[in-house]
Amino acid sequence: MKLLHVEQALKQYFGYDSFRPGQKEIVEAVLEQQDMLVLMPTGGGKSLTYQLPALLLPGLTIVVSPLIALMQDQVSRLQANGIEATFVNSSLPYEECARRERAAINGKVKLLYVAPERLLKPSFLALLEHINKTNGLALLAVDEAHCVSEWGHDFRPEYRQIGTLRDRFPQLPILALTATATERVRQDILDQLKLRQPTVYLASFNRPNLSYEVRSKHKGSYAELVQILRQKPGESIIIYCLSRSGVEKLSTDLNDDGIPNLPYHAGLSAKVRSEHQERFIRDDVPVLVATIAFGMGIAKPDVRAVIHYDLPKNLEGYYQESGRAGRDGEPAECILFFSYSDRMRTEYFIAQKENEQQQAIALKQLQQVIKYSESSQCRRRLLLGYFSEDFLEENCGNCDNCVQPLETEDRTEDARKFLTCVYQTRERFGFTHIIDILRGANTQKIRDYRHNQLTTYGCGKQYSRDEWGTIAHTLLQQGFLTEHHDGYPTYHLNANAVKLLKGQAEFRLKVTTRPAHGQVATA
Ligand code: ADP
Ligand code: ZN
């Protein structure tokens with residue numbers, strides 16, 4: 001009886017013939033007033049799982065949403081379907097908010113969207129108390145629920161307070177939704193929102209139509225990037241850079257090289273930003289060069305590639321940003337350029353952070369990005385593993401490591417030079433200094449410590465800093481060095497290192513460039 005009921009309502013209100021995977025289960029659980037946490041990738045169809053129950057349950061559904069643009073967009077779509085939905089937020093004049101709130105009191109609204117900071121204002125809480133006693137409250141839906149967590153990619157302190165609604169309205173079921181599914185964030189949401197015996201719905205985060213590739217970043221990378229873009233004339237592509245100045249420079253360079261593109265970052269005025277965004281979405285300009293300020297809530301279905309020209313801050317962000325490719329289900333590429341200088345730059349920025357806990361989180365997250373980038377395993381498995389999802393296929397057939405495994409070469413001799421230098425400097429220095437010694441640099445620090453008198457001084461001139469950086473980090477990754485932290489990292493020889501130095505172990509490194517770039521199949 002009930003199944004028929006929800007399916008009919010789906011058709012009647014939204015015009016859809018069937019549910020997407022998971023939707024029906026979630027809707028039914030919500031109709032039974034269970035608390036729920038829904039983890040589903042962007043585009044999976046989360047909105048419907050509170051919109052449909054809102055129409056079927058008596059009373060008012062409150063939807064907490066962090067972004068004004070998202071709210072407006074959803075509400076106008078619902079209104080276009082003849083559904084009584086509205087929003088209140090700071091973009092509206094006081095009288096308009098008051099008018100909408102009165103409509104809610106009078107039972108003329110089924111879904112009321114609200115920003116978290118407004119939700120907790122005494123006047124708004126009083127409104128909810130009133131409705132609770134009259135027409136009743138049906139459901140509290142918390143969209144983008146990962147915002148409660150410092151481990152999420154978009155922490156918002158106001159989200160922390162939403163849990164107080166549980167105490168005020170103990171009967172009101174809570175439905176939390178997010179496209180972020182890491183273990184930590186999941187736990188934070190359950191705790192902070194005080195969900196009661198919640199049903200957790202976890203959808204697969206795999207995006208089979210996306211191909212994943214990591215390229216090492218070096219002097220020739222810009223030319224590679226231009227080549228990639230030239231191979232896809234007119235296709236929609238997003239290029240992410242870390243900083244505003246990085247965006248500006250790359251955008252200008254690409255324009256000079258005849259690749260039409262627009263920049264997007266928080267340093268541009270709101271007017272310019274929305275104009276650039278519009279022109280990209282309308283296919284006026286194919287390429288958008290952006291910081292991560294661009295993207296949340298933007299649904300352009302036919303983005304054919306997302307290129308990270310700088311290292312992302314965390315894998316979560318990488319998944320979300322690269323996930324903006326191929327929303328239409330057609331093949332699309334996700335390419336990440338990785339270098340050790342980017343890594344060191346990020347570490348430097350992290351060291352500037354005041355808050356120790358945030359520093360620790362950022363470092364942990366950076367390590368995961370590095371692990372993803374350096375690995376010779378299936379990238380899809382690594383990415384899904386980050387969301388605690390097991391990807392069981394041996395070969396995904398659509399990432400660089402599966403399509404074209406990298407060869408390794410014996411670099412034991414270079415590894416010995418590195419370890420010897422660590423030993424000679426008494427395990428008291430970081431990678432930068434060791435690499436300076438190996439490359440025979442003339443720094444103040446080297447002169448002060450007389451490290452130019454070591455036998456290893458200048459013995460590795462033939463390699464770039466990045467090349468040595470790769471060797472150093474791979475030694476660490478493969479367990480030939482141990483990292484210690486007393487304010488700053490130092491590196492120590494361990495039993496494996498001794499074996500390597502004695503000729504009882506071998507050190508192999510991936511050959512850094514693939515024979516033919518751009519060969520990852522996208523079909
Ligand atoms: P999410 O919030 O998970 O990112 P949305 O709720 O925005 O996803 O839904 C993504 C798209 O899928 C929307 O365009 C929506 O209209 C569409 N959609 C959702 N459910 C269905 C369905 N059952 N049948 C067809 N289209 C659907
Ligand atoms: Zn793979």
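At what angle do helix α14 and helix α15 pack, and how far apart are their axes? In this predicted model, α14 (residues 340–352) and α15 (residues 356–374) pack at about 170°, with axes 10 Å apart. Angles over 145 degrees count as roughly antiparallel, so α14 and α15 are roughly antiparallel to each other.

**Helix contact**
- On the α14 side, the contact residues are R343, T346, E347 and I350.
- On the α15 side, they are Q359, A362, L363, L366 and I370.
- By class, the contact of α14 with α15 has five nonpolar, two polar and two charged residues.

**L52**
- L52 lies in helix α3, which covers residues 48–56.
- L52 counts as buried because it has 23 C-beta neighbours inside 10 Å; the cut-off is 20 or more.
- Leaving out residues up to four places away in sequence, L52 touches V6, A9, L10, Y13 and V27.
- I471 is 419 residues from L52 along the chain, and their C-alpha atoms are 55 Å apart.

**Confidence**
- The protein chain has an average pLDDT of 91, and 97% of the residues score at least 70.
- Residues 514–523 have pLDDT below 50. Beyond near neighbours in sequence, this stretch makes 18 contacts in the model.
- Where pLDDT is low, predicted coordinates should not be read in detail.
- For the complex, the predictor gives an ipTM of 0.98 and a pTM of 0.73.

Methods. Residues numbered from 1 in each chain as written. Chains lettered and ligands numbered in written order. Predicted model: local features only at pLDDT ≥ 70, side-chain atom pairs only at ≥ 80, totals over all residues. Axes fitted to C-alpha atoms, helices over the stretch in contact; angles between N-to-C directions. Helix = DSSP H or I, 4+ residues; strand = E, 2+ residues; numbered from the N terminus. Parallel < 35°, antiparallel > 145°, perpendicular 65-115°, else oblique. Contact = placed C-beta atoms within 7 Å. Nonpolar A, V, L, I, M, F, W, Y, C, P; charged D, E, K, R; others polar. pLDDT = per-residue confidence, 0-100. Buried ≥ 20, exposed ≤ 12 C-beta atoms within 10 Å, placed from the backbone.
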